[in-house]
Structure formats: C-alpha cells, structure tokens
Amino acid sequence: MLPMPTEPKNDRFLRALRREPTDTTPVWIMRQAGRYLPEYRATRARAGSFMALAQNPELACEVTLQPLERFDLDAAILFSDILTIPDAMGLGLGFVAGEGPKFERPLRNAADIAALAVPDMEGELRYVMDAVRLIRRELAGRVPLIGFSGSPWTLACYMVQGEGSRDFARAKALAWNDPQAMHRLLDVLARAVAAYLSAQAAAGAQALMVFDTWGGLLSPPMFRELSLRYLAQVTERLKADPHAAELPLVLFSKGAGAHIEALADTGCAALGLDWTVDLGEARRRVGDRVALQGNLDPSVLHAAPDVIVREVDGAIEAFGNHSGHVFNLGHGITPDVDPEHVKVLVDAVHAAGRRMRTN
Ligand code: CP3
C-alpha cells in the first residue's frame, strides 16, 4: 500500500459535504475536464481517442488537473467514464465521433446477463486505480479528489440498449418482459459498483459520487424498484467497507426531484440535484440529513457574464446561510461553452458565498 499523502489544504468541499461551516461555498463542475477546454482537446488528440486517453493514467492525470490550472475549483474529479465497468465486463466500449458510446456486444438475453461477473478492480480496471493513485500524488493536497461510478440502473440502461438513447426503451422493455433477468443484472452491477468505488477509495479518492443519469426515466414505483433499491445497496455496502466507510458519498439521480427524501434516507452524505428543483425547497425537504450539490442549468453558461453572476447569486440565496451546499451545475458542462464564462461562474460562487456568510 502507498502511504497516504497529507490532508488537503483546501478542504471546503469535504467540510460542506459533512455540513460543517466553510468560509465560502465550494464549487466544482460536472465534466470540468472536457471538450470545452482547448488543452483537453489537444491531449485527447495526442492520445488518439477518448478511451486511449481514459486508459492512460499519465494522460488521465494531465486532463484531470487542466481545469484546476485555469479556475479556482474546490475539487478535482477523476478523469474516466461510467462505462468502464461494462467495458471491463466484456461488452467492448467504443465511442463513435459525434454519436457517443456504443458497445460491440450489448446484452441481448438472460443468458448474456447470467454470464456477467464483477470485474477485477486491480486487473481489467487497474488503469482507473493507477490514475487515482497518480492524480492523488500530483494534486499534493491542493484540493480533494472525487472518485465516481455510474449507478446500477444507468449502467444497465447502456448495457441493454447498447448505446445512448433518449428513452432507453430496450432496457425498459427488458424490465417489463423479464424482470428476473433485469434484477439479476442490477444485482451484479450493484456489487461491481460498490467494489469499484471501494477500490477507488483504497487508491486515494477522498469523496465518491454515483451518477444515476437515467433515474428520471422511471415511474415512481419503477424508480423505487430499479434505481433507488440498488443505490441503497451500494450505499450500504460502502458503509461496511473499510476503505470507503469514512468517505462522503454523493448520489446524483437526474430528474428524480420527486424522490429526494427517499434518496436522503439511503444514508448517503449528499444529493446531487438538477435544475428542475429549487435549492431552498430541496433543503427544507431533506432537512439536515444530507448536504446538497448543484444545481444551475448548464445553459446559463451561454448567457452574458452579468446574467451568469445574477443566476449564481440567486442559487446561493435560494440555499440560504446554512452549511452543506456544494455549488455545481445541474448536469455536465457542454462542449460549446466559453472557458471565460466558467471563470466568471466559479469566482461569482466564491464571492456570493462570502457575502452570504458576512451579511
Ligand atoms: O466530470 C469529469 O470531468 C470527469 C469525467 C467524466 C466523463 N464522463 C468524461 C467524458 C465523468 C464523471 C463522466 C460520467 C458519465 N459518462 C456519465 C454520467 C454523467 C452524465 O453526464 O450524465 C454518463 C452518462 C457517461 C457516458 C458517456 N461518456 C456519454 C453519453 C458520452 C458521450 C456524450 C458526451 O457527452 O460526449 C461519454 C464520453 C465522455 N466522457 C466525454 C468526456 C469528457 C466526451 C468524450 C470526448 O472527449 O469525445
């Protein structure tokens, strides 16, 4: 085992997740290392493809640190993807330019699902753990490092559909027509997700996040059965895990604003929110059970700087003068955003957070 580096110098993010007081509101941005940055595009071109970039720990480390050089961010997030688990399970991940992810061998029937096993975290997925170890060393405590995974339901969506989709109709059809196979899939994924996050914790991640990007596609009973239930299993397993038990876990279930009380009841540290919920109302609904992360509409970054500042101020005011807020967008930043607008947003968060605490 590597000796653990010293504690982060900027611990606002971890303090906010523990709902402790901070000097200002911490901020990071989903997909902060991505195509809107010319330096990211240059490194990806050097790697040859997105997967070659993600599978090279030195280059993954380089792009993880790029946004921190430009902006006063309070956390770094591992550069990788949620689809590394299905790839390691043998589905063969590729990215078609302009079309998004595609699996060579999507799951077609119950037999395909029965053949799946939890991948070896220091085998097929060693490149992810090597990246975590390297990034943690290179960060040298500047800011904490977030490890992440997709949720069982969201991974199942891609694995059954075989590619991105608006409605993941094929995955939902499997849930209706062979619920036993769907539950078998979600069960092996819940074990894989917990093992993956535990391995990232052991490798040096300091907070963990689960992306349930497609939770909002489900009706309330189906959400509880296919998404929430397996998020709760992951949370429980991590609480019993020697590496992950002490790390704050953020659950982000996009489009699931109707379920935030139930999500908070899983025992996670924080909830990620999209922009369809009001931050102040969400805080009143979950009380002091969890911290909240979010939730500006990413399209605000296309607005003029004065509008960005106004919208940031509005979100900080909506949350109010309470501990437990991590500022973020409500979903990932899009490739067409001007990096100068990101700087405006990050600096506006810190300024508004300071004002909120002194007024
Ligand atoms: O946030 C970060 O900076 C860390 C890296 C990260 C990526 N993907 C890099 C990436 C994270 C946390 C993810 C999560 C992810 N990946 C999610 C959940 C979050 C969300 O956005 O809902 C999902 C659904 C995926 C699957 C995925 N990966 C899709 C649908 C795509 C193609 C669409 C797109 O946005 O381009 C990817 C590719 C991907 N993952 C890119 C990046 C920077 C772009 C690929 C490229 O460089 O061409």
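A salt bridge is a side-chain nitrogen of Lys or Arg within 4 Å of a carboxyl oxygen of Asp or Glu. The structure is a predicted model, in which local features need pLDDT of at least 70 and side-chain atom pairs count only at pLDDT 80 or more, while totals for chains, interfaces and linings use all residues. Residues are numbered from 1 along each chain as its sequence is written, and side-chain values use heavy atoms, with hydrogens and water left out.

**Exercise 1. Salt bridges**

Task: State how many salt bridges a search of the whole structure finds, and describe the one between Arg126 and Asp130.

Solution. 
- Step 1. The search of the whole structure gives 20 salt bridges.
- Step 2. In one of them, the side chains of Arg126 and Asp130 meet at 3.6 Å, N to O.
- Step 3. Both residues belong to helix α7 (residues 126–139), where they are four residues apart, about one turn of the helix. Helices are DSSP runs of H or I with at least four residues, strands are runs of E with at least two, and both are numbered from the N terminus.
- Step 4. An α-helix has 3.6 residues a turn, so residues three or four places apart point the same way.
- Step 5. Arg126 counts as partly exposed at 39% relative accessibility, and Asp130 counts as partly exposed at 25%. The classes are buried (under 20% relative accessible area), exposed (over 50%) and partly exposed (in between), with a 1.4 Å probe and protein chains only.

**Exercise 2. A network around Arg12**

Task: Name the residues linked with Arg12 in a network of salt bridges, and say whether Arg12 is buried or exposed.

Solution. 
- Step 1. The network links Arg12 with Asp23, Asp74 and Arg354.
- Step 2. Arg12 is part of helix α1 (residues 12–17).
- Step 3. With 14% relative accessibility, Arg12 counts as buried.
- Step 4. Leaving aside residues up to four places away in sequence, Arg12 touches Thr22, Asp23, Thr24, Pro26, Asp74, His350 and Arg354. Contact here means heavy atoms within 4.5 Å.

**Exercise 3. Aromatic pairs**

Task: Count the aromatic pairs, then classify Phe148 with Phe211 and Phe168 with Trp214.

Solution. 
- Step 1. Rings of Phe, Tyr and Trp (its six-membered ring) pair if their centres lie within 6.5 Å; planes under 30 degrees apart count as stacked, over 60 as edge-to-face and the rest as tilted.
- Step 2. The structure holds seven aromatic pairs.
- Step 3. The ring centres of Phe148 and Phe211 are 5.6 Å apart and the planes stand at 90°, so this pair is edge-to-face.
- Step 4. Phe148 is in strand β4 (residues 145–150) and Phe211 in strand β5 (residues 207–212), so the pair links distant parts of the chain, 63 residues apart. Both are buried.
- Step 5. For Phe168 and Trp214 the centres are 5.1 Å apart and the planes at 45°, so the pair is tilted.
- Step 6. Phe168 lies in the loop between α8 (152–161) and α9 (169–177), and Trp214 in the loop between β5 and α11 (220–239), so the pair ties together parts 46 residues apart in sequence. Phe168 counts as buried at 0% relative accessibility.

**Exercise 4. The buried face of α13**

Task: List the buried residues of helix α13 and state which elements are included in their cover.

Solution. 
- Step 1. Helix α13 (residues 279–286) has Leu279, Gly280, Ala282, Arg283 and Val286 as its buried residues.
- Step 2. Down the axis these fall within an arc of 160°, so they line one face of the helix. The arc is taken from the directions from the helix axis to the C-beta atoms.
- Step 3. Their cover includes α12 (260–264), β7 (270–272), β8 (291–296), α14 (305–319) and β9 (325–329).
- Step 4. Just after α13, Gly287 takes a positive phi of about 60°.
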